[in-house]
Protein chains: 4
Amino acid sequence: MSKHIDKGAFQLERIVFFSDAVFAIAITLLVLELKIPDVHVRSNEELNQVILSAFPHFFSFVLSFVVIGIYWVSHHRLFNYVIAYNQRLLWLNLFFLFFIICMPFSSEVYGIYAGLSSAFYLYVSNIFMLAFFNFLTWRYIAKKSLHLSQGLENPRLVLYYQLRAWTAPISFGVGVIISLFSNTGLPALLTGLSPLLIFPLMFLLRQRFKDVAG
Amino acid sequence: MSKHIDKGAFQLERIVFFSDAVFAIAITLLVLELKIPDVHVRSNEELNQVILSAFPHFFSFVLSFVVIGIYWVSHHRLFNYVIAYNQRLLWLNLFFLFFIICMPFSSEVYGIYAGLSSAFYLYVSNIFMLAFFNFLTWRYIAKKSLHLSQGLENPRLVLYYQLRAWTAPISFGVGVIISLFSNTGLPALLTGLSPLLIFPLMFLLRQRFKDVAG
Amino acid sequence: MSKHIDKGAFQLERIVFFSDAVFAIAITLLVLELKIPDVHVRSNEELNQVILSAFPHFFSFVLSFVVIGIYWVSHHRLFNYVIAYNQRLLWLNLFFLFFIICMPFSSEVYGIYAGLSSAFYLYVSNIFMLAFFNFLTWRYIAKKSLHLSQGLENPRLVLYYQLRAWTAPISFGVGVIISLFSNTGLPALLTGLSPLLIFPLMFLLRQRFKDVAG
Amino acid sequence: MSKHIDKGAFQLERIVFFSDAVFAIAITLLVLELKIPDVHVRSNEELNQVILSAFPHFFSFVLSFVVIGIYWVSHHRLFNYVIAYNQRLLWLNLFFLFFIICMPFSSEVYGIYAGLSSAFYLYVSNIFMLAFFNFLTWRYIAKKSLHLSQGLENPRLVLYYQLRAWTAPISFGVGVIISLFSNTGLPALLTGLSPLLIFPLMFLLRQRFKDVAG
């Protein structure tokens with residue numbers, strides 16, 4: 001580690017802007033999975049058909065947008081506390097970004113093969129890895145001996161942020177468990193709706209940690 | 001909401017730079033819809049033919065560039081007034097960006113199926129959603145009780161900006177109405193020209209709000 | 001125009017960062033034209049063949065990289081002088097960026113149809129438009145009455161920068177003129193080498209304007 | 001060179017942010033090589049097969065991610081020392097970025113033709129050029145007479161950074177040498193594992209330069 005590691009705010013800003021650029025590109029590349037099939041379309045009815053048939057793609061597109069959005073907001077909040085960095089934080093952040101970059105791919109697989117549970121498991125694994133590295137980063141910057149952050153002295157606040165990281169994979173995980181029983185009818189619908197669990201989970205968490213969540 | 005939400009200018013800047021990156025990527029991805037067909041071209045005449053046949057694509061490309069440009073300028077102006085943020089503003093901005101991200105897709109559909117009104121309606125819906133979230137964001141930051149902005153005390157100025165948000169969908173909306181009557185000949189031409197209405201509308205608005213528009 | 005137009009450095013910075021993001025994306029999208037054909041390759045010899053056959057693509061890729069690089073350096077230099085902005089400068093910059101965004105497309109057409117003069121003319125037109133808007137922007141910010149720039153008081157300096165904008169299209173233009181005579185043999189080679197004229201032209205210009213070019 | 005070249009920190013920042021945007025886009029475009037083949041998949045077993053068959057692609061994807069990550073960290077460290085710039089540094093940086101931009105292409109070729117040594121050589125050449133321009137830039141900014149950097153007075157520190165630039169191509173180079181003997185069985189495995197040499201090499205370097213590496 002160089003002695004110049006704390007040249008100051010600019011080097012830290014650069015990490016954040018690089019991350020933001022990666023987030024922005026990954027979230028925008030999601031749109032590339034919305035593709036109009038090479039079918040010869042000649043009437044409005046046919047085009048409506050084609051657009052409607054793209055609905056599962058659109059669903060996974062919106063879902064991935066919200067997931068990336070949630071982790072961007074978390075990343076934004078995390079670096080609000082960071083005041084210094086070291087090589088390990090740099091690489092923890094890069095590995096977290098790796099799974100952000102994977103999202104357009106697993107989202108596309110999920111969109112194309114919405115009916116196959118393997119595609120759903122791949123997608124949920126990606127979100128699990130996002131949560132895992134988000135969690136690791138929160139834990140790492142909160143370590144007092146490293147002096148990387150300011151304002152995270154309260155262990156309940158750190159716990160709150162660490163638990164928040166897991167709301168997305170837990171919600172999707174419930175969907176995975178349901179899908180193990182059946183992949184059609186009501187269970188399939190419940191699996192599809194499982195991401196919505198994020199919102200009550202976040203609400204409950206905020207209630208439970210009212211003292212620190214503000 | 002964290003107590004550190006106003007760490008200061010940097011966290012706010014980050015929202016703006018993330019948005020700018022999304023704008024920049026979406027506006028640049030538009031070019032991907034300009035594709036040379038996989039036709040075997042051997043002479044200059046054939047290539048000229050191919051380039052000319054890409055004209056409707058080029059038209060929707062330029063149109064979408066101008067539309068994204070208009071909303072970027074509006075976003076640029078909006079964050080000129082913003083001095084603080086909260087979770088709701090973060091997500092309002094993310095939903096606005098969602099429809100920016102959709103533009104390359106709806107623009108491509110419009111470019112490919114320029115003759116079909118369904119494609120035009122999809123395109124106009126996208127612009128309508130852009131206007132809607134732009135409008136919502138102006139309204140939200142202008143709320144005095146939230147202390148999110150500075151310099152928007154004059155309600156006529158806020159009204160001016162809110163109305164500006166609607167010039168694009170109103171212009172395209174006129175095209176939609178014309179297209180309901182007929183989709184060929186003069187009505188088709190007028191539909192195609194309807195976006196040009198943006199300029200007189202903006203001019204009229206500036207005249208009407210001369211006292212605040214400066 | 002809003003009264004808050006000079007909130008200060010940040011709003012100006014945002015224009016520059018948005019432009020940089022567009023430059024960065026356009027220059028990186030160039031790589032997408034390097035495509036390995038869907039030929040079934042089973043031996044090293046066949047792969048070498050395929051890589052070698054991509055050479056014209058690689059040539060136009062490098063050429064476009066240098067052209068975008070030249071205009072990025074010019075843009076970087078231009079905003080070195082800019083101290084304020086107005087709506088017109090915003091849109092001048094957006095139109096300039098429009099032709100930056102077009103580069104991956106015209107570069108790809110030039111790469112695929114390297115042997116056809118139509119493709120070359122399309123490519124040179126794009127560069128001409130870049131030069132034109134670069135020139136217009138230099139001229140606009142140098143207008144004393146607008147107070148948009150600082151340090152451009154010397155009219156010879158402004159002239160120097162305006163002439164620099166034209167070195168690229170003039171070099172390619174020489175290629176166009178040669179290509180009018182013949183499209184094979186030595187003339188074709190000279191057309192291909194014409195971009196290299198940029199370097200002596202820039203050198204001559206710097207010699208001629210030694211007093212201001214420093 | 002303009003007299004205004006040291007307008008200050010902002011112009012320097014802009015070079016860094018432009019570079020970061022290029023890094024971010026190139027690293028994110030890597031994901032585009034992960035493509036689901038257009039095979040008709042109807043069961044989970046078939047989809048698992050398809051996902052598993054994408055493994056060599058995934059391997060080159062991760063590898064390229066780490067390589068770009070290493071050079072981003074090095075670039076981040078380099079500009080920590082830079083306090084001024086000139087045209088030559090601008091273009092050295094642009095040429096370095098050129099080979100960053102090439103990575104998604106050579107990575108894709110390597111992923112598709114993992115079994116062919118030509119693809120591996122192309123990939124290693126790209127990494128070699130990255131190292132070469134990274135090395136040149138370290139050497140250039142360290143030149144005392146140019147006053148471009150601060151904190152690089154110790155020649156051992158400069159040597160340390162210059163040697164670090166070569167760890168990646170040396171590791172891959174070992175793989176190239178092994179591949180010259182045989183392209184199957186154990187040698188093929190060792191070639192595939194050669195990139196892992198980066199880590200012991202970096203460790204040894206840090207040991208050897210403990211006095212400056214901190």
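Contact here means heavy atoms within 4.5 Å, and with that in mind the tour can begin at the meeting of two chains. The model is a predicted one, in which local features need pLDDT of at least 70, side-chain atom pairs count only at pLDDT 80 or more, and totals for chains, interfaces and linings use all residues. Residues are numbered from 1 along each chain as its sequence is written, chains are lettered from A and ligands numbered from 1 in the order in which they are written, and side-chain values use heavy atoms, with hydrogens and water left out.

**Chain A against chain B**

Select chains A and B together: 45 residues from chain A and 35 residues from chain B make up the contact. About 3,700 Å² is buried between chain A and chain B, 71% of it on carbon and sulfur atoms; buried area is the accessible area (1.4 Å probe) that two parts lose on being put together, summed over both. Now pick out A:Phe65, A:His76 and A:Asn80, which give 18% of the area that chain A buries against chain B, more than any other three residues.

Next, show the side chains of B:Arg14 and A:Asp20, which meet in a salt bridge at 2.7 Å, N to O. The term stands for a side-chain nitrogen of Lys or Arg within 4 Å of a carboxyl oxygen of Asp or Glu, and the count between chain A and chain B is one. On the side of chain A that touches chain B, at least two residues each come from helix H1 (9-29), helix H2 (44-53), helix H3 (55-81) and helix H10 (210-213) of chain A, and H3(A) gives the largest share, 15 residues.

**Chain B against chain C**

Move on to chains B and C, where 45 residues of chain B are in contact with 35 residues of chain C.

**How the copies are related**

**Aromatic rings**

Finally, show the rings of Phe, Tyr and Trp (its six-membered ring), which pair if their centres lie within 6.5 Å, with planes under 30 degrees apart counted as stacked, over 60 as edge-to-face and the rest as tilted. A:Phe58, A:Phe61, A:Phe65, B:Trp91, B:Phe95, B:Phe98, B:Phe99, B:Phe132 and B:Phe133 form one aromatic cluster.

In chain D, zoom to D:Phe132 and D:Phe133, an edge-to-face pair at 5.6 Å centre to centre with 75° between the planes. D:Phe133 is buried at a relative accessible area of 13%, whereas D:Phe132 counts as partly exposed at 31%; buried means under 20% relative accessible area, exposed over 50%, and partly exposed in between (1.4 Å probe, protein chains only).

Conventions. Helix = DSSP H or I, 4+ residues; strand = E, 2+ residues; numbered from the N terminus.
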